[in-house]
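Hi,

Here is the structure I promised to send over.

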Amino acid sequence: METTKKSEKELLLEFEEKINGEQKIEPLDWMPEEYRQHLIRQISQHAHSEVIGMQPEGNWITRAPSLKSKKVLLAKIQDEGGHGLYLYSAAETLGVTRDQFIQWLHEGKSKYASVFNYAALTWADMGAIGWLVDGAAITNQVSLQRTSYGPYSRAMVRICKEESFHQRQGYKIMQNMMEGTKDQQEMAQDALNRWWWPALMMFGPHDGDSPRTNLAMKWKIKRETNDQLREKFINKTIPQAELIGLKVPDSNLELLTDGTYKHSDINWDEFWQVVNGNGPCNQQRLAHHIKVHNDGAWVRESAMLTSLIEE
Ligand code: BYC
């Protein structure tokens, strides 16, 4: 039977019709190269963030204040590793191998969330990370559940379920500390002071300064812009802080009549310094990933060998 080959223009039209009709794009569907490249970049960076994000919390496993809190923290960090794996798998459906993604990370060609380049100095930081960093991540990821690429969207659905527990466990740590001694209360406030701004930076530059947003919104990779998501996070998190007696470190906060908050702007110079590799822990985070990846080479080789023998 003779098949008529569709032109690039017809294929693009069909692709955009699907997107506008809220249908998902699947790995074997035709897609514009720009869409594929955009997704390869965003999903792999998202995966790297999950995995590098294990480091600040991993630093506290041996120092958790009770066996219960150690078990909870271990489980939470293990979840983050799992999120990385779902996301690498989703990214691999676009035709790039896991090894390539890791190589791009190690060569500094691929980014990960800036927030993980700050140090976790006290136990209260475990609370602040769960509450604020996972809280910011959920705000973004709930929106990404409706992203147009099927594998990314389905990974987000599963990740959001687990991330909600993470946010709750972080808030619970903060709440416990605020019900504790004066020293514990001060430690919780100090953690909020240090993590508030890096958490707001997770949403990326202002919409007007975000070169990737237009295409991402047009093809429904992103469903809300960086600023829209950041404002959502700010408006829901300030009342949570106030409820347990914490003060958000922004002297310009003002509750407006529509229930939203007026607030100060981010220090964008600091943001770009950290994104471009000059944050407090950038070098340490990457060096640790490279070392652990190299140390684990024999595990990967043995696993491959075992699977070949079993076949
Ligand atoms: N950090 O045009 P823009 C977690 C880059 S982990 C670093 O707005 P886009 C957790 C951006 O990549 C979950 N870089 O870009 C784990 C771009 O550079 P390139 C983390 C940033 O993509 C463990 C340039 O700046 N979540 O939950 O439209 C423990 C211009 O930006 C950042 C995700 O990864 C940043 N903050 O928007 C606890 C979400 N912001 O790539 C918790 C998935 C911007 O052109 N990603 N850049 O060289 C996204 O939603 C989007 O990629 C972003 C940026 C909102 C981050």
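Start with Arg-41: one of its polar side-chain atoms sits 2.9 Å from an oxygen atom of the ligand. Keep in mind that this is a predicted model, so please read every distance here as computed from it. Gln-45 also has a polar side-chain atom by a ligand oxygen, this time at 3.1 Å. With Pro-211 the backbone takes part instead: a polar backbone atom there is 3.3 Å from an oxygen atom of the ligand.

Now the surroundings. The ligand takes up the space of the largest pocket, with 35 residues around it. The closest of them are Lys-111, Ser-210, Arg-212, Lys-222 and Asn-226. By type, the shell splits into 14 nonpolar, 11 polar and 10 charged residues.

Which helix gives the largest share of that shell? That's helix 2, with 6 residues. Helix 2 spans 33-52, and at least two shell residues each come from it, helix 4 (67-92), helix 6 (124-144), helix 7 (150-178) and helix 11 (268-278).

Stepping back to the whole protein, there are 13 helices and 2 strands. The C-alpha atoms fill a box of roughly 80 × 60 × 35 Å along the principal axes. The radius of gyration is 21 Å, which agrees with a compact globule, because one of 311 residues would come out near 19 Å.

Cheers

Definitions and conventions. Residues are numbered from 1 along each chain as its sequence is written. This is a predicted model: local features need pLDDT of at least 70, side-chain atom pairs count only at pLDDT 80 or more; totals for chains, interfaces and linings use all residues. Side-chain values use heavy atoms; hydrogens and water are left out. A residue is near a molecule or strand if one of its heavy atoms lies within 4 Å of it. A polar contact is a pair of N or O atoms within 3.5 Å; within protein, one must be able to donate a hydrogen and the other to accept it, and residues adjacent in sequence count only if both atoms are side-chain atoms. On a 1 Å grid over the protein atoms alone, a cavity is a set of points where a 1.4 Å probe fits but cannot get out, and a pocket is an open set with protein on both sides within 12 Å along at least five of seven lines; lining residues have an atom within 4 Å of a point. A molecule sits in a cavity or pocket if more than half of its atoms lie within 2 Å of its grid points. Helices (H or I, at least four residues) and strands (E, at least two) are DSSP runs, numbered from the N terminus. Ala, Val, Leu, Ile, Met, Phe, Trp, Tyr, Cys and Pro count as nonpolar, Asp, Glu, Lys and Arg as charged, and the others, Gly among them, as polar. The radius of gyration is taken over C-alpha atoms; the globule rule is 2.2 Å times the number of residues to the power 0.38.
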